[in-house]
Amino acid sequence: MDTDVLRETARELVAPGSGILAADESTGTIKKRFDSIGVESTEDNRRAYRDMLLTTPGLGEHISGVILFDETIRQSAKDGTPFPELLAKANMIPGIKVDTGAKPLALFTGETVTEGLDGLRERLSEYREVGARFAKWRATIFCGPDLPTGFAILANAHAMARYAALCQEANIVPIVEPEILMDGDHTIDACEEATARTLTVLYEQLSEHRVDLAGSLLKVNMVVSGAEAETQAGPAKVAEATVRCLTANVPPSVPGIVFLSGGQSDLDATIHLNEMNRSGGHPWVLSFSYGRALQAPSLKAWGGDPANVELGQRALAHRAHMNSLAQLGEYSAELESAA
Ligand code: 13P
């Protein structure tokens, strides 16, 4: 384990004005995204779509790293350059999703545990060889009347800490991603409580597993109202609750917290991030690692038609730029129409 390399990579990923593009949809998830635009999910189409995203001119000005899926990290751009090499040349760090998905947690109805530890040491060394310098592992935590249970939190946190330790052993920066899902009609307070409980246990586990926090990043949900909740908290409240929750539960030695968008609209994800960064003064950098909130307008503009590649790239470049400003607390809604 080379602590200096890990810490330097983690800092690079949250450098001022930049964030992460999550383009690591599993085969099942990308099929859902393609279904929404009426495009068949074939290996060729998936390659073409990722080719469009990753070859966006100037993307490296606002995007520090890209999380890829196993299939994508082995694919190449149209000109034959392997995607990880293409990213590195364009000033973006290649990353890789290494969990194998959330599975039902036996005897705990409605909850999941994320799998993927078997053979992970060998897979990490293979990914390092093809250029990955950071990784991601996502756990899904459900909010409900009696959820999440303490046991589901512990099972997920323990697995995530084992993953993080294996990553650091391989000089790969682990992103630990506990996602408290927006699904349901729970209040913003319930989301805050579930997020706080999860983060407490996660950082206990990371410490017990001897993970170097300065060489890791946290990817987490913002504290928001459930998607079906009657009252939806506005940006000021979301920012306040999120910062309060993180301040109480995330050690200051963590260099950066990169939010997932989790089903928020692309504009909300930008507005919320900006709101948190306007005041500044946090111990960690607050940045983004959005999937849908960066890709949605681009996916729609592309629509599976090679003639629309430039349109799709412009849409992605615009969202990347807006979120880079939000990472600095310098975004304003007028900039949307200016584009
Ligand atoms: P969303 O921003 O679409 O939630 O995706 C981020 C991610 O990587 C989830 O694991």
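User: What volume does the largest pocket have?

Analyst: The model is predicted. The largest pocket is lined by 28 residues. Thr29, Arg33, Arg138, Glu179 and Arg292 lie nearest its centre. Its volume is about 600 Å³.

User: Which pocket does the ligand take?

Analyst: The ligand has a shell of 13 residues. Lys136, Lys219, Ser261, Gly262 and Arg292 are the closest. By class, the shell has three nonpolar, four polar and six charged residues. The space the ligand takes is the largest pocket.

User: How much of the accessible area of the ligand does the protein cover?

Analyst: Ligand oxygen atoms lie 2.4 Å from a side-chain N or O atom of Ser261, 2.7 Å from one of Lys219 and 3.0 Å from one of Glu177. On its own, the ligand has 300 Å² of accessible area. The protein covers 92%.

User: Which helix supplies the largest share of the lining of the second largest pocket?

Analyst: This pocket has a volume of about 220 Å³ and a lining of 13 residues. Arg47, Ala48, Lys78, Pro306 and Val309 lie nearest its centre. Helix H3 (43-54) and helix H12 (309-327) each supply at least two lining residues. The largest share, five residues, comes from H3.

Note on methods
Residues are numbered from 1 along each chain as its sequence is written. This is a predicted model: local features need pLDDT of at least 70, side-chain atom pairs count only at pLDDT 80 or more; totals for chains, interfaces and linings use all residues. Side-chain values use heavy atoms; hydrogens and water are left out. A residue is near a molecule or strand if one of its heavy atoms lies within 4 Å of it. A polar contact is a pair of N or O atoms within 3.5 Å; within protein, one must be able to donate a hydrogen and the other to accept it, and residues adjacent in sequence count only if both atoms are side-chain atoms. Accessible areas come from the Shrake-Rupley method with a 1.4 Å probe; for residues, only the protein chains shown count as cover. On a 1 Å grid over the protein atoms alone, a cavity is a set of points where a 1.4 Å probe fits but cannot get out, and a pocket is an open set with protein on both sides within 12 Å along at least five of seven lines; lining residues have an atom within 4 Å of a point. A molecule sits in a cavity or pocket if more than half of its atoms lie within 2 Å of its grid points. Ala, Val, Leu, Ile, Met, Phe, Trp, Tyr, Cys and Pro count as nonpolar, Asp, Glu, Lys and Arg as charged, and the others, Gly among them, as polar. Grid points are joined across faces, edges and corners, and a volume is the space filled by probe spheres set on the points. Helices (H or I, at least four residues) and strands (E, at least two) are DSSP runs, numbered from the N terminus.
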